[in-house]
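Hello,

Here is the structure I promised to pass on. Please open it alongside this message, and my notes follow below.

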Amino acid sequence: MAATRAQAASAGVPTAVFGFEFFDDTLDTRAEVQAEQAARLKLVNAELARLVAESGEMAPVDLQGEAARIAELAPFYKCNGCEADIAGAAGARLEMLGMVRKISNLILTITIKVQEVGGAEKLV
């Protein structure tokens, strides 16, 4: 039994990694700009997933079964914690959300929020 606990501890905390969402204060609706932003966001989310998986501190849970609910409720920065139900249903103890906010072509802010499912947030 002790070996099982040690293995579970070394596997990392089950985490729902929702990734980054994009918020554009500039409201630039040109198709080519939106396509570039979507491509960059995809790269950033892939890198986040890689870093989380490699850290060993968190074990990403599979969110594929919740894809329809995620699409329906997104963006999460507008839903006041609705992602907690999805994370809990996926078996996560932690949830990770991020936002890339474009204030201008030169100014971006990037925020990652990690919190216990249904608990208090911690900005990283």
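Let me begin with Gly118, which sits in the loop that links E4 to strand E5 (121–123). Please keep in mind that this is a predicted model. Is Gly118 buried or exposed? Its relative accessibility is 68%, and exposed means over 50%, so Gly118 counts as exposed. Apart from neighbours within four places in sequence, Gly118 is in contact with Ala84 and Glu95. Gly81 is 37 residues away from Gly118 along the chain, yet 8.1 Å separates their C-alpha atoms.

Now for the chain overall. It holds four helices and five strands, and from the N terminus the order of elements is α-β-α-β-α-α-β-β-β. The chain has 124 residues, and 29% of them count as buried. If you take contacts between residues at least 6 apart in sequence, 59% join residues at least 24 apart. The accessible surface is about 8,000 Å², with 58% of that belonging to carbon and sulfur atoms.

The other part I looked at is helix H2, which covers residues 31–55. From first C-alpha to last, its 25 residues reach 36 Å, close to the 36 Å expected at 1.5 Å a residue. Which residues of H2 are buried? They are Val33, Gln37, Leu41, Leu48 and Val52. In an α-helix, residues three or four places apart point the same way, because there are 3.6 residues a turn. The cover over the buried residues of H2 includes strands E1 (13–24), E2 (58–60), E3 (94–102) and E4 (108–116). Just after H2 comes Gly56, with a positive phi of about 80 degrees.

Best wishes

Conventions
Residues numbered from 1 in each chain as written. Predicted model: local features only at pLDDT ≥ 70, side-chain atom pairs only at ≥ 80, totals over all residues. Heavy atoms only, no water. Helix = DSSP H or I, 4+ residues; strand = E, 2+ residues; numbered from the N terminus. Expected span 1.5 Å × (residues − 1). Buried < 20%, exposed > 50% of the residue type's maximum accessible area, 1.4 Å probe, protein only. Contact = heavy atoms within 4.5 Å. Areas by Shrake-Rupley, 256 points an atom, 1.4 Å probe, with all protein chains shown as cover.
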